[in-house]
Amino acid sequence: MQMPIESLNLLMLNVGLAHHDGDWNWQEVSSPFTRIYYVKKGTAWLHLPTQTVELRPEHLYIIPAHTMHSYECHGVFEHYYLHVYEGFKNETNVMEMFDFPTEVEAEEGDEELLARMVERHPEAQLPASNPTTYDNVGEFTSYVKRYQAMELWEKMELRGATLTLFARFMRQATPKVWTHNERMRKVLAHVHDHIYEDISIDGLAKVACVTTPYLIRLFKQEQGVSPLQYINQKKVERAQLLLLTEDLAVKEVAWKLGFSDPSYFIRLFKKLTSYTPYEYRKRIKG
């Protein structure tokens with residue numbers, strides 16, 4: 001799977017060096033941005049939905065956006081952290097296109113690269129290690145505005161450093177096999193490219209040049225869920241990011257994502273996240 005480098009619209013939110021002594025034990029963390037860690041000293045554990053990973057010195061770790069995870073630390077632990085997200089695009093982002101290894105061995109110069117980012121951008125360090133102090137609407141918005149206000153050369157430098165670190169994982173990444181069916185590839189691409197629109201099942205059937213009943217059977221056979229379930233999941237994921245980054249009323253978020261009935265959107269959001277959009281926004285405000 002080829003991806004043009006210019007499509008990687010990675011924005012740096014935070015970068016810093018964290019020092020812990022048994023106090024990095026946050027539970028059930030999930031954010032709409034991707035985390036990269038470089039372990040400098042000590043040991044900790046990262047609990048993911050399907051595995052527990054021991055965090056070791058001189059290794060890099062990546063946690064994709066929307067991944068529920070927890071931390072466990074019992075002693076001295078120092079690590080560099082980098083938070084990034086892909087700018088608002090309709091197209092599928094890189095984290096959705098590839099399966100990345102959670103852990104890779106760091107290469108010579110990676111620590112120095114992060115140290116230089118921290119030195120040049122002290123304002124980008126987190127106010128505290130507790131996710132509720134930074135994973136909220138006000139802080140996230142301020143981080144985005146800070147990045148947008150940077151000089152062009154600063155953005156270029158940060159982008160280069162971020163891509164270098166991403167490359168460590170990309171080397172071992174494998175393309176997600178959405179499907180071996182050409183018709184289904186077109187359907188999935190259409191969903192991601194038109195996520196802000198009202199996507200109908202009949203319309204997807206036309207994209208695939210098949211009947212609607214056949215598309216539904218094929219989609220469920222290939223993806224394990226119905227076309228509507230897949231569309232709704234992707235729209236709710238985008239809604240989570242909008243609720244965090246934009247000062248929009250819930251009904252405006254619904255309309256922006258192609259929902260004509262905000263009440264239906266609210267019920268759907270709660271079904272998939274266990275929170276209403278209002279509760280989610282209040283929760284991430286800390």
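Two strands count as paired when DSSP finds at least two bridges between them. Strand 3 and strand 4 pass that test: 4 bridges join them, and they run antiparallel. This is a predicted model.

A hairpin of 4 residues links strand 3 to strand 4. Across this pair, Trp45 stands opposite Glu54. His47 has Thr52 as its bridge partner in strand 4. Strand 3, residues 44-47, also pairs with strand 6. That pairing is antiparallel too and has 3 bridges. Here His47 stands opposite Ser70.

Put together, the 3 strands form an open sheet in the order 4-3-6, with antiparallel pairing. Strand 4 (52-55) and strand 6 (70-72) are the edge strands, and each pairs on one side only. From one strand to the next, the twist averages 25°.

## Two faces of a strand

In a regular strand the side chains alternate between the two faces of the sheet. Which residues of strand 3 are buried? Ala44 and Leu46 are; they point to one face.

Val53 and Leu55 lie on its covered face. Thr52 and Glu54 lie on the uncovered one.

An open sheet of 5 strands has the order 1-7-2-5-9, and its pairing is antiparallel. Strand 1 (10-21) and strand 9 (103-105) stand at the edges. Each has a single partner strand, so one side of each is left without a neighbour in the sheet. On average, neighbouring strands here are turned by 20° against each other, direction ignored.

Strand 2 (residues 34-42) pairs with strand 5 (residues 59-63) in the antiparallel sense, over 4 bridges. In this pair, Tyr37 stands opposite Tyr61. Helix 2 (residues 110-120) packs on the sheet. Helix 2 touches strand 1, strand 2, strand 5 and strand 7 (76-86). The direction of helix 2 makes about 70° with that of strand 7.

## The nonpolar cores

The largest nonpolar core has 53 residues. Which residues have the most contacts inside it? They are Leu55 and Leu82. Leu55 also belongs to the covered face of strand 4.

Leu82 has contacts beyond its neighbours within four places in sequence. Among them are Met12, Asn14 and Val15. Thr34, Arg35 and Ile36 are contacts as well. A second, separate core has 16 residues, including Val236, Val253, Leu257 and Phe259.

## Helix 8

How far apart are the end C-alpha atoms of helix 8? They are 27 Å apart. Helix 8 covers residues 227-245, which makes 19 residues. At 1.5 Å a residue they should span 27 Å, so the two values agree.

Is helix 8 largely enclosed or left open? Of its 19 residues, 16 are buried, so helix 8 is largely enclosed by the rest of the structure. The cut-off for buried is under 20% relative accessible area.

## A loop residue: Asn181

Where does Asn181 sit? Its place is in the loop between strand 10 (174-175) and helix 5 (182-193). Asn181 has a relative accessible area of 22%. Buried means under 20% and exposed means over 50%, so Asn181 counts as partly exposed.

Leaving aside neighbours within four places in sequence, Asn181 is in contact with Leu218 and Glu222. Leu218 is 37 residues away from Asn181 along the chain. The C-alpha atoms of Asn181 and Leu218 are separated by 9.5 Å.

## The chain as a whole

The secondary structure comes to 11 helices and 10 strands. The chain has 286 residues, and 49% of them count as buried. It exposes about 14,200 Å². Carbon and sulfur atoms supply 50% of that area.

Among contacts between residues at least 6 apart in sequence, 76% join residues at least 24 apart.

Technical notes: Residues numbered from 1 in each chain as written. Predicted model: local features only at pLDDT ≥ 70, side-chain atom pairs only at ≥ 80, totals over all residues. Heavy atoms only, no water. Core = buried A, V, L, I, M, F, W, Y, C linked by side-chain atoms within 4.5 Å. Buried < 20%, exposed > 50% of the residue type's maximum accessible area, 1.4 Å probe, protein only. Contact = heavy atoms within 4.5 Å. Helix = DSSP H or I, 4+ residues; strand = E, 2+ residues; numbered from the N terminus. Axes fitted to C-alpha atoms, helices over the stretch in contact; angles between N-to-C directions. Areas by Shrake-Rupley, 256 points an atom, 1.4 Å probe, with all protein chains shown as cover. Expected span 1.5 Å × (residues − 1).
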